[in-house]
Amino acid sequence: MNAGLVIVSHSARLAEGVVELAQQMAPDVRVIAAGGLPDGNIGTDFEKVSAALSDANTGQGAVVLYDLGSAQMIAELAVESLGDPSTALVVDAPLVEGAVAAAVAAQGGAPMAAVGRAAEAAAEGGELAEPGAPETGEIREELELTNEVGLHARPAALLARSLTGLQASVKLTLGDNEADAASVLGVMGLGARKGDRIVLHASGPDAGQAVERILDLAKRNFDE
């Protein structure tokens, strides 16, 4: 089982859209929308959020993301009203980026607290860096992207998730930019497109397996 997500928004359509995007990234994670008022108007509803918390938690807890200040208040009240408030966590994170990062972390089996941290870290936007000096024992492989959309959205999520459970540090470089391969937002931030050549830099006990998994995904065109 995975930690679940609840998306609290003043707009039902906005919440549903974020849920749709997150589920593309993490098909095994329960992501529940709690947007708008029961009559369809703009606002947030305590009962909706409470029901979503119950629906999202399949035994590993639920992480709650919200859009605006009053949504935070309703979300926190709903969590405090649970029989066991420790089974849910309200996080201060950008709604879309946070939901994507949290969903990928949950898909990889991260516990609720780690899923919450992944959402909060999304505020940094998947920072890029200049390529550093090679590490001792580093494995380096170069590949050309042949899938239609490059490393965007779903392919980036698949790549990041492929490293789950491995003791390896993997960086991707494209030109003068470098990203942590375990960060879906960082991978997307590279803006790698079809035909681009990216370089994998892996170190650690499972570096070889990490590189193999990524090369296999690329050969399969990221299952497009």
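How many bridges join strand E1 to E2, and do they run parallel or antiparallel? The legends below start there. This is a predicted model, in which local features need pLDDT of at least 70, side-chain atom pairs count only at pLDDT 80 or more, and totals for chains, interfaces and linings use all residues. Residues are numbered from 1 along each chain as its sequence is written, and side-chain values use heavy atoms, with hydrogens and water left out.

**View 1. Strands E1 and E2 sit in an open sheet of 4 strands with parallel pairing.**
Strand E1 (residues 4-9) and E2 run parallel and are joined by 5 bridges. Helices (H or I, at least four residues) and strands (E, at least two) are DSSP runs, numbered from the N terminus, and two strands pair if DSSP finds at least two bridges between them.

**View 2. Helix H1 (residues 12-25) packs with helix H4 (residues 95-107).**
Their axes lie 9 Å apart at an angle of about 35°; axes are lines fitted to C-alpha atoms, for helices over the stretch in contact, and angles run from 0 to 180 degrees between N-to-C directions. Contact means heavy atoms within 4.5 Å. On the H1 side, Leu14, Val18, Leu21, Ala22 and Met25 meet residues of H4, including Leu95, Ala99 and Val104. The residues of this contact divide into 11 nonpolar, no polar and no charged. Here Ala, Val, Leu, Ile, Met, Phe, Trp, Tyr, Cys and Pro count as nonpolar, Asp, Glu, Lys and Arg as charged, and the others, Gly among them, as polar.

**View 3. Another open sheet of 4 strands has antiparallel pairing.**
The strand order is E5-E8-E6-E7. Strand E5 (139-144) and strand E7 (177-180) stand at the edges, each with a single partner strand, so one side of each lacks a neighbour in the sheet. From one strand to the next, the twist averages 25°. Strand E6 (residues 169-174) pairs with E7 in the antiparallel sense over 4 bridges, and Thr173 stands opposite Glu178 in E7. Helix H8 (residues 207-219) lies across E5, E6 and strand E8 (197-203), running at about 5° to E5.
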